[in-house]
Amino acid sequence: MKENGKQIGHTAGVVDLKRQDFVTDQEVRWCPGCGDYSILAQTQKTLPELKIPRENFVFVSGIGCSSRFPYYVNSYGFHGIHGRAPAIATGVKAARPELSVWVITGDGDALSIGGNHFMHAIRRNLDINIVLFNNRIYGLTKGQYSPTSEFGKKTKSTPQGSIDYPINPLCVALANEATFVGRSIDVDVKHLNTVLTQAAHHKGISFVEVFQNCNIFNDGAFKHFTEREHREDRTINLEHGKPLIFGKDRNKGIRLNGLRLEVVELGNGITESDLLVHDAHSPDPSLAYMLARMDYPEFPVPIGVFHAIGKPTYDELMEAQVQDSISRMGPGKLEKLLASGDTWVVE
Amino acid sequence: MQSIETEPRKGLIEIENVTIRFAGDSGDGMQLTGMQFTNTSAILGNDISTLPDFPAEIRAPAGSLPGVSGFQINFSSRDIRTPGDGPNVLVAMNPAALKVNLGDLEKSGILIVNSDAFSDLNLKKAGYEKNPLEDGSLSAYRLISIPLTDLNLNALKDLGLSKKEADRCKNFFALGMMYWLYDRPLEPTLNWIESKFQKNPTILEANVRALRAGYNYADTTELFTTHYRVRKASLAPGKYRNITGNEATALGFIAASQVAKRPLFYASYPITPASDILHELSRHKNFGIKTFQAEDEIAAMTAAIGASFAGHLGLTGTSGPGVALKSEAIGLAVMTELPVVIANIQRGGPSTGLPTKTEQADLLQAMFGRNGECPVPVLAPATPADCFAMAFEAFRIAVTFMTPVFYLSDGYLGNGSEPWKLPRVEDLPNIDIQFRTDPEGFHPYLRDEATLARPWAVPGTPGLEHRIGGLEKQHITGNVSYNPDNHEFMVRLRAEKVARIANFIPEVKVFGKPEGKVLVVGWGGSYGAITSAVEAMQERGKSVSSVHLRHLNPFPKNLGEVLSGFETILVPELNLGQLLWLLRARYLVDALGFNKIKGHPFKISELVSKLEELV
């Protein structure tokens, strides 16, 4: 951005930042043992790798435990109001496309009160990163069920069990034609770092769901597939161009049978070549949608990058319309504009 | 209509002032007809004021009473301020239009009707048992009954248009007749037709023919024995254009952006009667403007806040129901102390209310409609042309004080029009924006001593990385703080910041003597009617003065003193007494309200009667 001829935000030169440069002086106030700590650490580790000047990052959040995140990242930050972070981020990014804008949100923030903004930020393909901390519970309000809570969940507000069917965040993102959809797990720090890095490098909307344990109100929500002893058997890491293989012994895979996915064991005539090969770059998100619907125990829980395609972004299209107007009509002249239409002179 | 002098020729009579109302089905093109008549009259040098009045339904059932659309124009050789209390001339394109509007037509006024539209079916739809053109019930008026549909079809018959296509030109036939009747040139409308329909020569030709045929018909038929001339008004010297309030609002915002040298970011969700501002701004992207049609009102507000955080002039526009949705986010802008302007083009409420009708009932919403102690400056333009100055002023205040600002226009101002004397760009007030760039001693909630504004430090500035949000802020550092003393301090500081704006706005000027019997206090779009009524009283030697508030929060500094100079304070408003409530609370004056909630602006005569009662 040019400001009276002066460049704001030094984009030239070598940017050499460390994780520590993104740590603020604010005391982190999540509950001890919260999965948020891990996501914060991995984000702070990812940011220096992007080689973007620190002052060009903007972290925007809504309301909820996860939304305290911007206070702990030493960059520009905006702790907004409940559900509205994608809309605030839209204003920031559309006004200033050169900024790296991140939305930090939770399952209630993004999918309940902010569902509309979530959906529209995605379908516009705004070039921002949305990281959704999914703990399947309302933590900050002390333990009510959330839109991702499993059916029948007993909580303070649902003593007889919830009668809402849960939302699958990935399916919502894919249904809105998200150009990047990924998923990771708070405790799998290496994987989390890889997915965040890929999301950050993606041009266009990047949506990442992170399974995040709330050890106070929903402890162990994901442990049946995230615990180390089961993880390889009960999750599957999606890698573009590779067959869908999983299991401690790498002996199980996913096959497409007609219009359905199925788990098969390798051997007995079934080889790798029978398995589905992951194509994250397919313009058609249908397979990604099918993968997103896989869930334990019928299937392993998929993590990794489901879908990553290129498409012009909202912010660049908006900027292009401004530039196009200027080249077509010339830079606006206020005097001329005020006197447009039929005018007359009174002597 | 006062007759001044008569010239020989087919009775050309000079008159000072005429009010015409065009009325028809909402698909009859009455708004377009009215606007063409307005433009031509403006170019001719008359003073003008207009009142479009249309239904919320895009095409209500043809011929029905709810489907009637009207456009009233007052044009004059003297200075006028309102669209006129009631029409001297009514053009009714069908029975429903006659039924809805006849009550407003002055006795012995000219009534022009399209007799072809008075079929049994249309009469029944309008609730007429007998044809009023035939039963003598219109004898109080100068009825001119014309088979307009047939005349128009005949004029276009060899063009190969379908009957429906040809019939759509009949409004221009009517317009042509009115141009003859009031001695107006055809050229401005002919030029408009040519540029509008250049891609469709047949439709172009049809409209040209309809207009000319109407004009010639009026000239030759025996139905019209005289026509009228309204001379130029003696407006102040300068270059003028005709402008609606919504256009002027958009231009005011663009001007603020140009003077402040910061790009405008307009985020809005379509809503009547504010959408025209979105349409207008989206046409001027070569001024670096970005327009964002948001998914909802809340997104529009929060995106404007985000753009402001990023260093643009954040703006949103809506009407009352939209403001209700934006309330929480406006509080966020108050807490984060970011400059955004919220333009509320008020309409009849509550709830969906009367979308296309005017009202001034959102003043207290603007003042108080948020949780917590949440002060926001409030401004209101007085006339369609004044929208330019006040939209500009809204941004001047927003960026000077780092605060959201309410700009309260209304449907009457937004859609109404008047001649606007173009300001000189170099005469516009200065808006000086200095982003903070120096990291030395920087804190996000430092204060400017005079304005109490905090620094505007935008992303991309090295060394000024900071976090803001809706949680209470610690004084100076901007860190989250739950400290009780700090909270009270900050609440008082935010209130004081808005109160201090009074030091930076003009004092109110009294229209009339500074002391006396009655002072009329108005705000917003009632300026024209109030000033005309007060002037009429003054001409009758009555002790009546007025002030008109364009700054409603804070009030101008001298307002209390002005109020104390009068025995009676009268506050006319298109609500149940909202400014009245504020004035009584603030100044402990026993002011009286004069209230109208009919979706229509005040008439001068209503105000004069009330004032007569008081003096």
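# Briefing: sheets, domains and the A–B interface

In chain B, strand β13 (residues 313-318) and strand β14 (residues 340-346) run parallel and are joined by five bridges. This pair comes from a predicted model, so please read the values that follow as computed from that model. Chains A and B meet through 66 residues of chain A and 76 residues of chain B, and chain B itself is assigned three domains.

- Which strands make up the open sheet of chain B, and in what order? Seven strands take part, in the order β12-β11-β13-β14-β16-β15-β21, with mixed pairing.
- The edges of this sheet are β12 and β21 (551-553) of chain B; each has a single partner strand, so one side of each is left without a neighbour in the sheet.
- As a reminder, strands of a sheet pair through backbone hydrogen bonds, in either a parallel or an antiparallel sense.

**Where chain B meets chain A**

- How much area is buried between chain B and chain A? The value is about 5,700 Å², and carbon and sulfur atoms give 63% of that area.
- Three salt bridges are counted between the two chains.
- One salt bridge links B:Lys290 and A:Glu319, whose closest N and O atoms are 2.6 Å apart.
- Polar contacts between chain B and chain A come to 30 residue pairs, with both residues at pLDDT 80 or more.
- Several elements of chain B each supply at least two residues of the side that touches chain A. Among them are the helices α1 (30-44), α9 (245-260), α11 (297-309) and α12 (320-336), and the strands β10 (238-244), β12 (290-293), β17 (417-421) and β18 (467-469).
- Which element gives the largest share of that side of chain B? The answer is α11(B), with eight residues.
- By residue type, the side of chain B that touches chain A divides into 41 nonpolar, 21 polar and 14 charged residues.
- Strand pairing also crosses between the chains: strand β14 (residues 343-346) of chain A pairs with β10(B) in the antiparallel sense, over four bridges. In that pairing, A:Thr343 stands opposite B:Arg241 of β10(B).

**Domains 1 and 2 of chain B**

- The domain assignment of chain B gives domain 1 (11-230), domain 2 (242-427) and domain 3 (516-614).
- The C-alpha centres of domain 1 and domain 2 of chain B are 34 Å apart, and the contact takes 17 residues from domain 1 and 10 residues from domain 2.
- About 970 Å² is buried between domain 1 and domain 2 of chain B, with carbon and sulfur atoms giving 55%.
- Three residues, B:Ile48, B:Thr50 and B:Phe54, supply 40% of the area that domain 1 of chain B buries against domain 2 of chain B, more than any other three residues.
- One salt bridge is found across this interface. A salt bridge joins B:Asp53 and B:Lys357, with 2.6 Å between the closest N and O atoms.
- Three residue pairs are in polar contact between domain 1 and domain 2 of chain B, both residues being at pLDDT 80 or more.
- On the domain 1 side, α1 and β4 (47-53) of chain B each supply at least two residues that touch domain 2. Of the elements there, β4(B) gives the most, with seven residues.
- That side of domain 1 of chain B divides into eight nonpolar, six polar and three charged residues.

**Loop details worth a look**

- A:Asn213 lies in the loop between β8 (206-211) and α7 (223-226) of chain A. Its side chain makes a polar contact of 2.8 Å with the side chain of A:Asp219.
- Leaving aside residues up to four places away in sequence, the residues touched by A:Asn213 include A:Cys34, A:Gly35, A:Asp186 and A:Phe222.
- Chain B has a cis peptide bond from B:Thr272 to B:Pro273, with omega near 0°; B:Pro273 is in the loop between β11 (264-268) and α10 (275-282) of chain B.
- The peptide bond from B:Gly349 to B:Pro350 is cis as well, with omega near 0°, and B:Pro350 is in the loop between β14 and α13 (363-368) of chain B.
- A:Lys51 is not a glycine, yet has a positive phi of about 60°; A:Lys51 belongs to the loop between α1 (36-49) and β3 (57-61) of chain A.
- B:Glu337 has a positive phi too, near 50°, and is found in the loop between α12 and β14 of chain B.

Definitions and conventions
Residues are numbered from 1 along each chain as its sequence is written. Chains are lettered from A and ligands numbered from 1 in the order in which they are written. This is a predicted model: local features need pLDDT of at least 70, side-chain atom pairs count only at pLDDT 80 or more; totals for chains, interfaces and linings use all residues. Side-chain values use heavy atoms; hydrogens and water are left out. Contact means heavy atoms within 4.5 Å. Buried area is the accessible area (1.4 Å probe) that two parts lose on being put together, summed over both. A salt bridge is a side-chain nitrogen of Lys or Arg within 4 Å of a carboxyl oxygen of Asp or Glu. A polar contact is a pair of N or O atoms within 3.5 Å; within protein, one must be able to donate a hydrogen and the other to accept it, and residues adjacent in sequence count only if both atoms are side-chain atoms. Ala, Val, Leu, Ile, Met, Phe, Trp, Tyr, Cys and Pro count as nonpolar, Asp, Glu, Lys and Arg as charged, and the others, Gly among them, as polar. Two strands pair if DSSP finds at least two bridges between them. Domain bounds come from an automatic or database domain assignment.
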